[in-house]
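Please look over the sequence and the model below before reading on. The text that follows goes through helix packing and then the ligand site.

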Amino acid sequence: MKIENPWKQNPWFESVAVAQRRAQKRLPAPVYAALVAGSEAGLTIGDNEAAFGEIGFAPHVAGHRAERSMTTSVMGQDISLPVIISPTGVQAVHPEGELAVARAAAARGTVMGLSNFASKSVEEVAAVNPSTFFQMYWTGDRDVMIQRMDRARAAGAKGLIATLDWSFSMGRDWGSPEIPEKVDLKTMVRLAPAVARRPRWLYEFAKTGAIPDLTAPNLAPPGGAAPTFFGAYYEWMTTPPPSWEDVAWMREQWAQLSGMPFMLKGVCRVDDALRAVDAGVTAISVSNHGGNNLDSTPASIRMLKPVSDAVGEQIEVLLDGGIRRGSDVVKALALGARAVMIGRAYLWGLAANGQTGVENVLDVLRGGIDSALLGMGLSSIDELHPDLFAIPVGFHRALGVPPAPGDTQAPLAVTAIS
Ligand SMILES: Cc1cc2nc3c(=O)[nH]c(=O)nc-3n(C[C@H](O)[C@H](O)[C@H](O)COP(=O)(O)O)c2cc1C
């Protein structure tokens, strides 16, 4: 009898870091570089991850709970763990792209966030995961936005995510990867050296008979062709930036069309969180776009508690940025998040092992959350509280705190609180 070596090419991975290493091995260098991207010097993306390490656990030695619960809901959708999929343009990572991610999220009982820059249509994605939120940037004129919202509603989207934290910052110290206008034969020949070093990635696409699709089908006009990624980006860049009235308008339009909830993604400041409440949002995500927007913005976990303290009683507060472990999720929940959204972690899982890889990432996070609850002697994520952790003085960044009534001083833009 032949005995298989159980460690040989085991596709299961035990941590997100292992998934990342596999993604790096599998993907052509420019595609991998596009996933790890952080803007400018990468200070924010670095802080997003490192800041979680500053928060310490205080585990118990006995008295642990045999049963532990981590179910919750986000914008009306029940989820089996406090982690949902953050929208990303998953172009070219895997032939099944967002469909694989949506199926994995459905299999693990959670929400799929679908980017308007995605390579798969909202109709296809909502068909495989009924708990899909559609994400939109502020791009195109109002009629176009209404048409796109209505399309998402008709497809069955259960919520809208408006991502408005983008300032078209271009320079990256590590050098941006090339994103071709379209993937035709000429481009393939030019990129061949990078692709040739990653034959498995090419093989996955070759099996499907498809080449990486760099169009944005969710931005196609009714009955028209999908724009290229660059065409879509151009429309976005040339759209005048939104005001707070525009945010309220978008939420109102979506509510009228669908009756479904609305999330504003990218909130860093307390004053903006208060304005989001005034605009009628259901939820916000405290986020710096995974370190892809203005570099030197603090880690999202540092900005979370001040925002949650200000608006957490009125709306749902989520966090995204730097989540790599279940323990990160637990820390975010303790500082006031109802749930977290993940980006790179699932992209690496997708690159490493398709749908199974994304399920694997969600399982890794679930296992980590459960271990943290066990070690802390808790029976539910609802019991998480900042006092249960060792948090260094000055950890939190309270940005844009409005002056207290009667305070004659100019509003303090940034306050470090303990
Ligand atoms: C490659 C990539 C593409 C992204 N595309 C989008 C997008 O289309 N829409 C959006 O709202 N956010 C986008 N994001 C931001 C993510 O939704 C999320 O805020 C971020 O990835 C969270 O940080 P993390 O990657 O450390 O988990 C993107 C992020 C990455 C890494």
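In helix α4, Gly97, Ala100, Val101, Arg103, Ala104, Ala105 and Ala107 touch Tyr346, Leu350, Gln355, Val358, Glu359 and Leu362 of α14, where contact means heavy atoms within 4.5 Å. By class, this contact of α4 with α14 has nine nonpolar, two polar and two charged residues. Ala, Val, Leu, Ile, Met, Phe, Trp, Tyr, Cys and Pro count as nonpolar, Asp, Glu, Lys and Arg as charged, and the others, Gly among them, as polar.

The model is predicted: local features need pLDDT of at least 70 and side-chain atom pairs pLDDT 80 or more, whereas totals for chains, interfaces and linings use all residues. Residues are numbered from 1 along each chain as its sequence is written, and side-chain values use heavy atoms, with hydrogens and water left out.

Helix α4 covers residues 97-107, and its axis packs 8 Å from that of α14 at an angle of about 15°. Axes are lines fitted to C-alpha atoms, for helices over the stretch in contact, and angles run from 0 to 180 degrees between N-to-C directions. Helices are DSSP runs (H or I, at least four residues), numbered from the N terminus. The two helices α4 and α14 are therefore roughly parallel; angles under 35 degrees count as roughly parallel, over 145 as roughly antiparallel, 65 to 115 as roughly perpendicular and the rest as oblique.

Helix α2 (residues 29-36) also meets α14: their axes come within 10 Å and cross at roughly 160°. The pair α2 and α14 is therefore roughly antiparallel. Tyr32, Leu35 and Val36 in α2 contact Arg344, Leu347 and Trp348 in α14. This contact of α2 with α14 has five nonpolar, no polar and one charged residues.

Helix α13 (residues 326-334) packs against α14 (residues 344-376) at about 60°, with the axes 6 Å apart. That makes α13 oblique to α14. Gly326, Ser327, Val329 and Val330 of α13 meet Leu365, Gly368, Ile369, Ala372 and Met376 of α14.

Which residues are closest to the ligand? Of the 22 residues that surround the ligand, the closest are Pro87, Ser115, Tyr137, Thr163 and Asp320; a residue is counted if one of its heavy atoms lies within 4 Å. A polar backbone atom of Pro87 is 2.7 Å from an oxygen atom of the ligand. A nitrogen atom of the ligand lies 3.0 Å from a polar side-chain atom of Gln135.

Conventions. A polar contact is a pair of N or O atoms within 3.5 Å; within protein, one must be able to donate a hydrogen and the other to accept it, and residues adjacent in sequence count only if both atoms are side-chain atoms.
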